[in-house]
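Dear colleague,

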Amino acid sequence: MSRKRDESPSSLWPAIQFTVNGGSRTVRVPPMKRLLDVLREDLHLTGTKEGCGEGECGSCSVRMNDELVNSCLVPVLQAEGADIQTVEGLALNGDLHPLQQAFLHHGGAQCGICTPGMLMAAAQLLAHTPHPSATEIREALAGNLCRCTGFMHIFESVAAAADAHDAQQANEHTMEQTHHAR
Amino acid sequence: MSALAIMSTHATTRIVGAPVPRKEGVDKLTGRALYVDDIEREGMWHGATVRSTIPRGLIRSTTFDHRIDWREFAIVTAADIPGENCIQLIVADQPCLADGKVNHCEEPILLLAHPDKHKLREAVGAVYIEYESLPPIFTIEESERSDVIIWGADNLLKSFLLEKGDVDSAWSRAAHIIEGEYRTGAQEHLYIENQGMIAEYSVDRGITVWGSLQCPYYVVKSLKSVFDLPDEKVRVIQTETGGAFGGKEDFPSNVACHAALLAMKCGHPVKIIYDRIEDLAATTKRHPSRVRHRTALDGDGKLIAIEINLDTNGGAYATLSSTVLSRATLHATGPYLCPNVRVNARSWATNLVPYGAFRGFGAPQAIFAMERHMDEIAAALGIDPVELRRRNFLHQGDTNATEQLMRQPIILDQLLDRALRESDYYARRAQFARENAGCAIKRGMGIAAFYHGSGFTGSGEEYLNSLAGIDATPEGKVRVLVSNTEFGQGTNTILTQVAAEALGLDYQDVTMAAPDTGIVPNSGPTVASRTSMVVGRIIERAGLQLLNLLREHAGLSSSHTREEFFAACDRYRAAKGEVVSLCRYEAPPGIHWDDQTYHGEAYGAYAWALYVAQVAVDTVTYSAEVEEIWAVQEAGRVLHPVLAAGQIEGGIAQAIGFALYEKVVLQDGRMANNQMTNYIMPTAEDVPPIHVYFEQSHFPHGGFGAKGIGELPHDGPAPAILNAIRDATGVSFNAIPLLPEDLYAGLVETQPAEEPVAR
């Protein structure tokens with residue numbers, strides 16, 4: 001069993017360049033091809049999932065230029081020059097992101113198919129609202145459908161990640177102070 | 001035995017009951033987990049399905065648009081099927097591909113494959129089928145009228161008659177007789193991962209299928225028959241599965257056969273992935289139901305007779321309608337004691353996409369009717385709905401409707417007390433009664449009491465004769481060998497917990513063998529709330545058996561470290577060979593079931609529950625909103641607290657959709673709202689706070705004391721919500737889904753405060 005094979009892009013199409021998870025990527029594909037398909041088929045980043053193909057379920061959510069987008073609704077030409085983050089870019093050097101940790105320990109993922117999109121929506125929320133209220137969490141995840149969890153443990157996971165983020169920052173702050181004291 | 005006594009027996013495990021991380025959790029959270037559409041095989045083609053556009057008729061001709069170069073395509077029709085043209089389930093009536101006639105819209109007629117998946121959509125639209133239409137029937141009423149016969153001699157897919165005592169002589173003794181009719185609609189599973197399969201075919205190796213599915217051996221059965229192949233030439237491997245809820249119990253057999261037929265025809269691996277529109281239109285849904293109750297009570301509000309006519313719409317082929325109907329029948333009278341019972345249950349054929357398994361499997365329909373009816377009885381008798389239920393609860397030592405003796409403790413009173421306390425039920429009801437008068441938002445509280453039978457019905461588990469076990473590999477890994485699959489509910493996690501606990505190992509020492517019929521034995525399907533209880537128990541026994549083997553033949557001491565365990569495995573392997581322990585299902589003692597009379601032990605165990613819902617009905621917008629839910633249940637031992645709570649919450653969210661949001665709109669037999677845009681499920685902003693409570697017990701015949709849990713939470717919320725709406729508005733609503741337009745019709749047209757009259 002293998003992931004999709006690497007295929008060299010057809011040279012018939014103009015090059016479209018953008019950044020994915022910190023790395024520069026260039027594709028030559030039909031410019032109206034969905035960003036979702038480019039990620040999955042051309043860049044072999046299959047973590048991003050298709051659920052409905054019409055922007056209702058949020059399974060294909062990625063972060064693009066610091067906005068949350070449904071990649072099934074984005075023609076790849078719109079991604080020219082963009083900075084894109086997918087689920088594959090959350091963990092750093094094999095260390096799970098605080099959101100991934102929280103989802104693991106608080107039951108935020110069941111079947112896992114909505115999880116990549118849900119994580120990206122949560123990451124987008126925490127990037128701008130590090131201390132979200134319960135209502136803010138609900139609103140931020142309202143575009144991401146989960147059929148397994150009833151959302152309760154997802155809310156709990158996001159809140160726990162926000163707390164962990166706080167704790168981490170507090171810790172870094174303390175270390176900084178200690179450093180200065182020396 | 002008191003409930004408190006049984007609760008004290010469960011505290012002696014290390015791993016069972018602990019919130020260990022989900023076994024495949026990291027793969028799912030990092031995007032590494034491979035679902036079927038994430039997988040590519042060398043030289044793979046893509047497949048698509050040409051479907052019927054009419055509900056019933058004869059196929060007159062098939063033409064292919066000359067603008068397409070069909071030489072690039074593989075084309076499969078019924079004529080290409082080497083074996084029997086039939087999906088094998090309970091009754092062999094559903095063709096794999098329509099042959100000369102169609103019995104529902106979206107029935108598969110012809111298959112196409114092409115190396116480029118983007119070429120398929122146009123090609124599917126360029127195959128023109130001409131039909132001679134026949135008159136279709138769509139409803140239970142049209143089917144039972146028998147003017148048009150579309151299935152068998154009388155359109156009746158299945159019927160059951162359950163009788164206890166003497167219903168007919170009870171009416172004359174009744175102080176009250178209350179009647180009611182209740183209806184539930186179709187419901188789509190809406191797993192977020194659509195149906196999908198990859199198939200490979202070679203003459204030497206036969207067929208290998210990878211896909212999104214619940215029951216690998218069900219798929220094997222159909223493939224063997226469609227291709228006329230022996231067991232060793234058919235292999236089915238489950239890929240990571242993105243939700244199922246019963247929707248991937250039987251339907252994947254159809255997709256697998258189609259992909260395999262195309263693979264055989266074109267000589268390449270073929271992948272079929274449904275898009276959402278096709279998945280919603282063409283796959284199974286929950287059976288719509290019509291349930292009529294007639295109930296006799298004595299002057300004290302005790303049940304003396306229950307007569308129920310329960311009818312379901314089964315769709316065009318029998319699929320699982322008989323077993324869904326069976327479970328509906330066996331849950332129809334609720335958790336109550338009644339000496340005289342008659343349940344007349346029938347499932348009717350119609351020219352609709354066959355209805356199928358969906359979490360609860362008939363029980364949510366039957367329980368909606370019973371629990372809604374209990375509130376109507378309470379209103380008619382002027383009794384508190386809580387009190388009416390309490391007076392009629394089953395207790396240990398009673399017999400239920402099938403005259404099964406309730407041997408295990410039943411703690412319904414305790415569950416009810418807890419639910420009332422946690423929800424502050426009476427105080428809130430009183431508060432809302434005061435506030436509602438002058439307010440456009442009317443609030444109310446509703447309850448539902450219910451049970452769910454764990455495992456296959458009656459003698460079903462003995463018939464399945466499941467085989468499961470554990471082995472230890474030379475690489476120092478212990479593997480759980482089951483065909484039970486993970487699709488979010490936690491199979492991987494709980495079965496490795498059970499195995500590690502039984503073997504005295506760490507959670508990390510145990511893995512799951514691949515869900516591959518080439519590797520794992522048939523431990524039965526992953527359905528019917530059976531995995532924790534039935535398969536868990538087999539794995540627990542296999543673990544103890546393996547320890548005994550190693551103690552007897554490899555010098556393992558009676559209390560061992562993990563290093564000693566693996567050293568003993570190595571010694572055993574060197575001396576005797578493979579380290580493997582397999583066990584078969586053993587029925588708990590005293591299980592007797594008569595399929596003819598529908599008498600005896602319907603289920604090995606029941607999980608019990610008491611749910612409370614608080615709703616707000618806006619009398620300006622006519623929307624109903626669930627504001628809070630309290631869910632109290634006893635499901636034996638809780639194997640994993642986070643996963644168990646997740647099962648309850650997820651089931652409740654689906655049931656809120658079943659009650660208030662999810663409507664399958666049919667036009668001429670086709671689903672008209674087959675998109676996520678217009679088939680509406682509850683979102684993060686719709687699901688209310690859900691409070692989950694477990695009163696634990698130890699069921700001696702379940703895996704470390706567990707009973708089934710997966711389906712229970714879908715049974716109770718819908719009636720609790722509609723009972724709360726009645727409490728809020730004084731108007732009875734007896735059909736779901738209850739959409740704003742239905743609320744409007746009911747609230748504007750009905751005079752509230754008119755209680756049903758007791759006769």
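This is a predicted model: local features need pLDDT of at least 70, side-chain atom pairs count only at pLDDT 80 or more; totals for chains, interfaces and linings use all residues.

Residues are numbered from 1 along each chain as its sequence is written, chains are lettered from A and ligands numbered from 1 in the order in which they are written, and side-chain values use heavy atoms, with hydrogens and water left out.

Aromatic rings

Over all chains, the search finds 16 aromatic pairs (rings of Phe, Tyr and Trp, the last by its six-membered ring, with centres within 6.5 Å; planes under 30 degrees apart are stacked, over 60 edge-to-face, the rest tilted). One of them is the stacked pair of Y201(B) and F227(B), at 6.4 Å centre to centre and 25 degrees between the planes. This pair links distant parts of the chain, 26 residues apart, with Y201(B) in strand β9 (residues 196–202) and F227(B) in helix α5 (residues 216–227) of chain B (helices, H or I of at least four residues, and strands, E of at least two, are DSSP runs numbered from the N terminus). Y201(B) is partly exposed at 28% relative accessibility, whereas F227(B), at 5%, is buried (buried is under 20% relative accessible area, exposed over 50%, partly exposed in between, with a 1.4 Å probe and protein chains only).

The rings of F450(B) and Y611(B) have centres 4.9 Å apart and planes at 85 degrees, so this pair is edge-to-face. Because F450(B) lies in strand β16 (residues 441–454) and Y611(B) in strand β23 (residues 605–618) of chain B, the pair ties together parts 161 residues apart in sequence. F450(B) is buried at 0% relative accessible area, and Y611(B) is buried at 1%. Y451(B), Y603(B), Y606(B) and W608(B) form one aromatic cluster.

The interface

In the contact between the chains, 46 residues of chain A meet 60 residues of chain B (heavy atoms within 4.5 Å). The rule finds five salt bridges across this interface (a side-chain nitrogen of Lys or Arg within 4 Å of a carboxyl oxygen of Asp or Glu), and R147(A) forms a salt bridge with E662(B), the closest N and O atoms being 2.7 Å apart.
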